[in-house]
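Visitor: I am new to this structure and would like a close look at a single part of it. Please take me through that part slowly, and then show me how the rest is laid out around it.

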Amino acid sequence: MGNDELLRFPQVWPNFQPGDDLSGREHNPFWVRDDDGRYFDIANALGLGQPDVSRGFAFGDIDGDGRLDAVLANQWQDSRLLRNTSTAAGPAADVRLVLPTANGTSRPAIGAQIELTGTGSSGKAQLYPANGHAGVSSTALHLALPDTTDHEAIVSWVDEAGQHRARIQIGPGHRTVVLNPDGTAVTR
């Protein structure tokens, strides 16, 4: 709840007492856009309308079904898994962007981005798995696709060799894209 550098100074620690609260009188909204472009909170309809003292969200496809799920990190109570069971969800691609390492392994390409550019598809995502003090998401990027065919995408990244852009094809499912120092991107 504070900067780790302050941990050694007990005089600056908060003095919480039983019954104290940190914004726990509210529910987490679940915003959905309607056909008119307006957003509505449907948390109550999803069974998420109870108050929570939430401190972070982590997003990823936890069960490999192509739908984006979430874990809600709460303070002073258990975390909650929000498993996406929607039957209306269309096809999606989960893409891991990785950089090869000297020892033959790979690491997530933090800061890399992918943008769908083909006809009928649009979407852009950047690999930035941390979303705050307590939230860390999957290192896979989740892209909604308009259909089950392959779509053209541009991957851009920066490494020791400089800035790169490469065109790839992305279809539904899970895949890894290796971003090479020579500017090529290989989909596996």
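Why does A140 count as partly exposed?

Guide: A140 counts as partly exposed because its relative accessibility is 22%, and the class runs between buried, which means under 20% relative accessible area, and exposed, which means over 50%, with a 1.4 Å probe and protein chains only. The model is a predicted one, in which local features need pLDDT of at least 70 and side-chain atom pairs count only at pLDDT 80 or more, while totals for chains, interfaces and linings use all residues. Residues are numbered from 1 along each chain as its sequence is written, and side-chain values use heavy atoms, with hydrogens and water left out.

A140 lies in strand β10, which covers residues 140–144; strands here are DSSP runs of E with at least two residues, helices are runs of H or I with at least four, and both are numbered from the N terminus. Leaving aside neighbours within four places in sequence, A140 is in contact with V95 and R96, where contact means heavy atoms within 4.5 Å. A140 and G60 are 80 residues apart along the chain, and their C-alpha atoms are separated by 7.2 Å.

Turning to the whole chain, the secondary structure comes to zero helices and 14 strands. Of its 188 residues, 30% count as buried. Among the contacts with a separation of 6 or more, 43% are accounted for by residues 24 or more positions apart. Along its principal axes, the C-alpha trace spans about 60 × 45 × 30 Å.

There is also open space to consider. The largest pocket has a volume of about 590 Å³, and of the 20 residues that line this pocket, the closest to its centre are F30, L48, L68, A70 and L82. The elements giving two or more residues to that lining are β3 (54–60), β4 (69–74) and β5 (80–82). On a 1 Å grid over the protein atoms alone, a pocket is an open set of points where a 1.4 Å probe fits, with protein on both sides within 12 Å along at least five of seven lines, and lining residues have an atom within 4 Å of a point; the volume is the space filled by probe spheres set on the points, which are joined across faces, edges and corners.

Finally, W13 lies in the segment before β1 (31–33), and W13 counts as partly exposed because its relative accessibility is 48%.
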